[in-house]
Amino acid sequence: MRRPHQGVVFTLFFAALAALAGCTKSEAPHKGEVLIWHWMTDRDDALQQLADAYSKENGIKVRLELYAPSDAYASKIRAAAQTNTLPDIFSVLGETRDLASFINSGRIANLTAAMDADHGAWRKEFFPKALATTTLVAGNAYNAPAGNYGVPIDVTNIQMLYNKDLFKQAGLDPERPPQTWDEFISDWHKLKAAHIPGLVSGWGETWMIDCFASNYAFNIMGESKVLDTFRGKVRYTDPDWIKVLGLFDTLRKEEVLVSGVVTMVNKTAEQTFSTSKAAFAFNGSWCVNVYKGMNPDLSFAAMLPPRVSNKYPMKIWGGAGSSFMVNDASVNKEAAIQFLKWLSQPAQQVKLSKDTLNLPSNKAAVGDLPPVLASFASRMDMTTHPSQWPVTEKPTVVEAFDKGIQSILIGEKTPQQIAEDVQAVKDQQSK
């Protein structure tokens, strides 16, 4: 799951929003049409076609405006909220705290009633994990009213990929990727003997390291112990955390990683895998569309990160890929909700998925997916994400952990040393 850029002025901005919360009024100067702002260049054509189809079918004009890249879009949304000029439909790009700030300021409609109507008919259309990304529960840490605040138009998850042709070259079965960590290392030895590079990922973007490490933390020690670590009940010097960090040391010692991974951005990693310069990649479901553009002939498949333990399941990061919110102050609010209901129906979801190679958020639209996308979709029930956890780690501790893993990968420090360093940061933050 990609993490959008966030502006450094969020704190001051949301304080200003709170001051305005009680006096908002209709912000839409476009009564009679539904205006949508989005940032998704890869989905713009498909969304335009669907908006035109809806207008013809229902007699309600839907107008889309594209603002890219994502950081420019996020800045525009913040500015529009300050000036009461938000469109009818938009997206909040950021963490849950950012979504909650918009909610608490009266900028986003609570869609719970619409989701629950007709015995929950609309809600039941979606993958539950898709809705979870923009759902706040009672008693949440942000003091926002409980409810559903977004309509997911696609979903995503992050797994590993493997190159089938390179597997064949190394004498490996292209239909059976490694299931366990030991099998993964064994397969790597055969690939290495055939002079085939190993694993590539954009680990210069530390959130992707955090994602990979999280997968194995959940698999090795289980969700409860991971969350208890964040709560301060378990120390990072615990043997299970040493074991997680030790996996990265194994990757270094076994020379599994493609050269430069520690400083590589994900776009470069995607180019590397798409040109068959790595047997494995760690990437999200959006890669299907990316790889098609880079190399339409690439033969690859998705696989779960190979498990270390059988005691706990392997969890992968995932949830809603992109979600739309409805402006609670818009005179077109009901029309906006009706459009999003239509957009999330199977026929429209199938079109979006086929045109953009993104996973549909509607469960009924997954029946005719390409095999690699279908394998991503089949594992949505295994997804988790920090935005869905009841507690998360402090950002300074996360930074120390992720950068510490980078130090392990370049041989600068041992897993034990990093565990001690991270715990020291944790202890300092707790004072």
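**Figure 1. Domain 1 and domain 2 of the predicted model, with centres 30 Å apart over C-alpha atoms.** The domain assignment places 33-155 + 320-379 in domain 1 and 157-317 + 391-430 in domain 2. These bounds come from an automatic or database domain assignment. This is a predicted model, in which local features need pLDDT of at least 70, side-chain atom pairs count only at pLDDT 80 or more, and totals for chains, interfaces and linings use all residues. Residues are numbered from 1 along each chain as its sequence is written, and side-chain values use heavy atoms, with hydrogens and water left out.

**Figure 2. The interface of domain 1 and domain 2.** Domain 1 brings 11 residues to the contact and domain 2 brings 17; contact means heavy atoms within 4.5 Å. About 1,100 Å² is buried between the two domains, and carbon and sulfur atoms give 62% of that area. Buried area is the accessible area (1.4 Å probe) that two parts lose on being put together, summed over both. On the domain 1 side, Leu357, Phe376 and Arg379 lose the most area to domain 2, together 59% of what that side buries. A salt bridge here is a side-chain nitrogen of Lys or Arg within 4 Å of a carboxyl oxygen of Asp or Glu.

**Figure 3. Packing of helix α8 (residues 181-193) with helix α10 (residues 239-253).** The axes lie 12 Å apart, at an angle of about 10°. That makes α8 roughly parallel to α10. Angles under 35 degrees count as roughly parallel, over 145 as roughly antiparallel, 65 to 115 as roughly perpendicular and the rest as oblique. Axes are lines fitted to C-alpha atoms, for helices over the stretch in contact, and angles run from 0 to 180 degrees between N-to-C directions. Helices (H or I, at least four residues) and strands (E, at least two) are DSSP runs, numbered from the N terminus. From α8 come Trp181, Phe184 and Ile185; from α10 come Leu247, Thr250 and Leu251. The contact has 5 nonpolar residues, 1 polar and no charged. Ala, Val, Leu, Ile, Met, Phe, Trp, Tyr, Cys and Pro count as nonpolar, Asp, Glu, Lys and Arg as charged, and the others, Gly among them, as polar.

**Figure 4. Crossing of helix α9 (residues 206-231) and helix α16 (residues 395-409).** The two axes come within 9 Å and cross at roughly 90°. That makes α9 roughly perpendicular to α16. Thr206, Ile209, Asp210 and Ala213 of α9 meet Val398, Phe401, Asp402, Ile405 and Gln406 of α16. By class, this contact holds 5 nonpolar, 2 polar and 2 charged residues.

**Figure 5. The salt bridge of Lys225 and Asp240.** The side chains meet at 2.8 Å, N to O. Lys225 lies in helix α9 and Asp240 in helix α10, so the pair ties together parts that are 15 residues apart in sequence. The structure holds 21 salt bridges.

**Figure 6. Backbone details at Pro69 and His119.** Ala68 and Pro69 are joined by a cis peptide bond, with omega about 5°. Pro69 sits in the loop between β2 (61-66) and α3 (70-82). His119, in helix α5 (residues 112-124), has phi near 60°, a positive value in a residue other than glycine.
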